[in-house]
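Here is a short briefing to read alongside the sequence and the model. Please keep both open as you go.

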Amino acid sequence: MFRLPVCPHCGTVYRYRDTKQAIIKKENVCYHCQKKFKARIFPYLLVGALIPLALCIGFNIFLLSRMTDLELLPLFAATLVGILIIYLIIPFFTKFKKINEDIDEKLTNRKS
């Protein structure tokens with residue numbers, strides 16, 4: 001479930017930083033086999049994001065039950081940590097999809 005993506009052509013495993021850069025770009029080229037692919041965020045990110053979100057909500061409820069005075073800084077910090085965790089797990093829910101180069105060439109030939 002929590003794995004970094006691989007190239008759909010040659011199976012090269014991409015590092016965390018390379019995956020984050022691939023998400024930003026529309027089309028990517030594998031550094032190993034030089035073939036094109038797209039990066040998509042997998043729909044199961046929602047399920048993966050619910051775990052830190054539930055922990056964050058539970059911790060905020062715990063803090064609210066223990067506080068005598070209402071202080072927003074600890075609540076804000078707990079929420080910020082939950083959002084940061086969700087942001088950090090995005091590359092683990094990314095999949096790379098092949099771009100069919102033959103279709104791209106046919107489309108460019110039709111436009112010409």
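Accessible areas here come from the Shrake-Rupley method with a 1.4 Å probe, and for residues only the protein chains shown count as cover. On that basis the protein chain exposes about 8600 Å², with carbon and sulfur atoms supplying 64% of it. Please note that this is a predicted model: local features need pLDDT of at least 70, side-chain atom pairs count only at pLDDT 80 or more, and totals for chains, interfaces and linings use all residues. Residues are numbered from 1 along each chain as its sequence is written, and side-chain values use heavy atoms, with hydrogens and water left out.

**Overall layout**

- The protein chain has 4 helices and 3 strands; helices (H or I, at least four residues) and strands (E, at least two) are DSSP runs, numbered from the N terminus.
- Along the sequence, these elements follow the pattern α-β-β-α-α-β-α.
- The protein chain has 112 residues, of which 25% count as buried; buried means under 20% relative accessible area, exposed over 50%, and partly exposed in between (1.4 Å probe, protein chains only).
- Taking contacts in the protein chain with a separation of 6 or more, 57% are between residues 24 or more positions apart; contact means heavy atoms within 4.5 Å.

**Aromatic pairs**

- A pair of aromatic rings is described by the distance of the centres and the angle of the planes.
- The whole structure holds 6 aromatic pairs; rings of Phe, Tyr and Trp (its six-membered ring) pair if their centres lie within 6.5 Å, and planes under 30 degrees apart count as stacked, over 60 as edge-to-face and the rest as tilted.
- One of these pairs is Tyr14 with Tyr31, which is edge-to-face at 5.0 Å centre to centre and 65 degrees between the planes.
- Tyr14 lies in the segment before helix H1 (16-24) and Tyr31 in the loop between strand E1 (28-29) and strand E2 (36-41), so their pair ties together parts that are 17 residues apart in sequence.
- Tyr14 is buried at 5% relative accessibility, whereas Tyr31 is partly exposed at 45%.
- Phe37 and Phe96 form a tilted pair, because their ring centres are 4.5 Å apart and their planes are at 35 degrees.
- Since Phe37 is in strand E2 and Phe96 in strand E3 (residues 94-98), this pair ties together parts that are 59 residues apart in sequence.
- Phe37 and Phe96 are both buried.
- Ring pairs join Tyr14, Tyr31, Phe37 and Phe96 into a cluster.

- Where is Asn60 placed? Asn60 is in helix H2, a helix that covers residues 45-66.
- Asn60 is buried, with 14% relative accessibility.
- Leaving aside neighbours within four places in sequence, Asn60 is in contact with Leu75, Ala78 and Thr79.
- Ala78 belongs to helix H3 (residues 72-88) and is buried at 12% relative accessibility.
- With neighbours within four places in sequence again left aside, Ala78 is in contact with Cys56, Phe59, Asn60 and Leu63.
- Between Ala78 and Leu63 there are 9.3 Å from C-alpha to C-alpha, and the two are 15 residues apart in sequence.

**A nonpolar surface patch**

- Leu46, Leu50, Leu53, Ile57 and Ile61 make a nonpolar surface patch of about 490 Å².
- Patches are made of residues with over 30% relative accessible area and no salt bridge; like charges are joined within 9 Å, and nonpolar side chains (Val, Leu, Ile, Met, Phe, Trp, Tyr) within 5 Å.
- Ile57, in helix H2, is partly exposed at 46% relative accessibility.

**Salt bridges**

- Side chains of opposite charge can pair when their charged atoms come close.
- There are 2 salt bridges in the whole structure, a salt bridge being a side-chain nitrogen of Lys or Arg within 4 Å of a carboxyl oxygen of Asp or Glu.
- Arg15 forms a salt bridge with Asp18, and their closest N and O atoms are 3.0 Å apart.
- Asp18 is buried at 16% relative accessible area, while Arg15 is exposed at 58%.
- Glu27 and Lys36 also meet in a salt bridge, at 4.0 Å from N to O.
- Lys36 is partly exposed at 32% relative accessibility, and Glu27 is partly exposed at 44% relative accessible area.

**Cysteines**

- How many disulfides does the whole structure have? There are 0, where a disulfide is a pair of cysteine sulfur atoms within 2.5 Å.
- Cys30 is in no disulfide, and the nearest cysteine sulfur, that of Cys7, is 3.6 Å away.
- Cys30 is buried at 0% relative accessible area, and Cys56 is buried at 10% relative accessibility.
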